[in-house]
Amino acid sequence: MKMTFKKTIIMLTALMLSAVSCSEVKENVSVSESISDTKQTSAKKDDIVITIALAVEPEHNEFDEFNNADNGYRIEYVASRSRLDDNGGPLIYTTEEYKKQDFDLIQRIINKDDIDIVGAFSFNNPVYYEILKSKGAFVDLYEFMKDDPDVNPELMNKHVLELCKTDGHLYGLPYSYKVHTMIGKKDYVGNKQNWTVDEFLEHWDKMPDNTTINGSRNAENIYYTILRSNLTSYVDYSKAEVYFDSPDFRKLLEFCGSFESNHGEKSELDYNAPNFVSVYDVTGFNTSLFCYKDSNSNEALVSHIKDGEYTLVGYPDSEGQGSYISTNGEYSICSHSSKEKQSAAWEYIRQFYTEEYQQNHVMQKYEQYINGEKVVSYSAEVGFCINNNARHTTAERICKGEYSNPTYENKGETFETPLPTMDDCEVIEKYVDSINRIDTELDRPLWEIVNEEIIAYLGGGQDIDTTIDHIQNRASIMVSEKA
């Protein structure tokens with residue numbers, strides 16, 4: 001039977017309190033003690049006030065533009081911590097203080113109705129946001145999207161929205177998304193996308209003895225590449241389960257342990273040896289071109305993917321679903337807010353998902369003068385726009401060279417800047433549609449547990465059975481207490 005929202009939160013907050021020393025928890029403490037007073041901006045008497053929760057106060061008031069629009073709404077914020085002390089110096093907080101701040105915020109979200117908008121940005125530990133999404137803390141945003149002419153499911157990437165759903169409901173709407181996978185030359189890896197663990201090992205056994213993975217042959221670097229980058233696949237917060245004792249986790253850990261340890265020392269990369277697979281994180285159409293050019297032909301690697309010279313093999317995974325999507329900039333509306341404030345909160349957050357806003361903010365424009373001439377450059381994409389029209393227009397403009405200079409220099413030589421085609425962009429789009437896993441935040445203490453035990457194993461400090469037992473037992477306790 002599914003626990004009620006209140007019982008779930010009692011368990012969650014009990015864990016958080018247990019992590020805070022008795023001297024820090026006083027009797028009759030207000031649930032908002034560690035959360036700063038609400039910050040007001042451009043107040044108007046008849047405005048509907050919407051309150052957004054932030055983990056740390058902003059460097060400048062980013063809500064003025066919205067508040068000054070005289071639209072009948074006003075954004076205020078509460079921040080769990082300040083940036084600066086009374087003398088203008090940076091404030092430093094302990095881990096226990098961070099935990100207490102998150103505890104107070106959860107209590108305020110659950111027990112009061114004065115916070116309307118929440119996101120991962122609201123917490124020091126974003127895993128609490130992920131947990132709350134599945135526990136009834138937020139409203140289904142589909143209810144607001146279905147009648148919105150500019151921000152509705154038909155105008156967004158439906159596949160990504162489906163992956164973001166919890167029990168059929170959309171509790172958080174992502175601003176953008178990224179792809180995380182691995183890539184290898186077809187001559188080495190074949191043409192099948194998204195491997196199982198056994199397929200990964202079978203192909204590896206056919207490689208020459210001096211073959212590298214992501215340019216390295218030491219145990220720690222190989223662990224960072226094929227296993228640590230995919231640890232979230234072994235954790236299910238919704239079921240309060242971890243799978244570090246699975247046969248596939250053991251196989252991959254043994255594989256990492258078959259290489260020589262560098263005992264924490266910086267390793268030398270071998271660029272001349274055959275490279276089996278490399279990490280391939282795609283944060284946008286532009287980065288898939290400029291971060292991954294083929295060193296020999298100086299052409300876009302996406303073209304080589306399209307032509308079948310390279311294969312996107314994903315991270316080795318039990319179900320062959322090791323590639324995953326991560327999201328950025330999610331917003332949620334609190335279920336305890338009044339209906340009036342929920343509608344007002346939607347009016348605020350919807351602006352970030354319109355075609356115009358996403359197109360204008362997908363890349364930051366920079367202008368500088370060099371030798372008296374104005375030089376214009378652009379930042380990398382923040383990710384793929386969730387808005388379909390904005391994403392398509394971005395691809396078109398990248399292919400036309402609107403975000404890049406005609407030439408670039410490398411090692412003293414000048415090259416013509418290669419541009420992708422819309423066919424190249426379509427290849428990336430289709431690959432996104434083939435990915436059926438969304439990444440969630442991994443609790444930092446849990447990440448540290450796994451990393452600590454595996455590094456001990458790779459360095460020869462303990463055997464694999466001890467390592468797996470320690471990870472499974474410690475992780476199980478931590479996840480069961482949080483879920």
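R474 is partly exposed, with a relative accessible area of 32%; buried means under 20%, exposed over 50%, and partly exposed in between (1.4 Å probe, protein chains only). This is a predicted model, in which local features need pLDDT of at least 70, side-chain atom pairs count only at pLDDT 80 or more, and totals for chains, interfaces and linings use all residues. Residues are numbered from 1 along each chain as its sequence is written, and side-chain values use heavy atoms, with hydrogens and water left out.

R474 and E453 form a salt bridge, their closest N and O atoms being 2.7 Å apart; the term denotes a side-chain nitrogen of Lys or Arg within 4 Å of a carboxyl oxygen of Asp or Glu. This pair links distant parts of the chain, 21 residues apart, with E453 in helix α17 and R474 in helix α18 (residues 464-482). E453 is buried, at a relative accessible area of 6%. Helix α17 (residues 444-458) also contains R444 and E448, which lie four residues apart and are therefore separated by about one helical turn. Between R444 and E448 there is a salt bridge with a closest N to O distance of 3.4 Å.

Within it, the side chains of K112 and D114 meet at 3.9 Å, N to O. K112 is partly exposed at 35% relative accessibility, and D114 is likewise partly exposed at 22%. The whole structure has 23 salt bridges.

## Cysteines

The structure contains zero disulfides, a disulfide being a pair of cysteine sulfur atoms within 2.5 Å. For C425, the nearest cysteine sulfur is that of C399, 3.8 Å away. C425 is buried, with 5% relative accessible area, and C256 is buried at 0%.

## A β-hairpin

Strands β11 (residues 365-370) and β12 (residues 373-378) pair in the antiparallel sense over six bridges; pairing requires that DSSP finds at least two bridges between two strands. I370 stands opposite E373 in β12. Two residues lie between the strands of this hairpin, and N371 in the turn has a positive phi of about 55 degrees.

## Overall composition

The protein has 18 helices and 15 strands, which are DSSP runs numbered from the N terminus (helices H or I, at least four residues; strands E, at least two). Of its 483 residues, 50% are buried.
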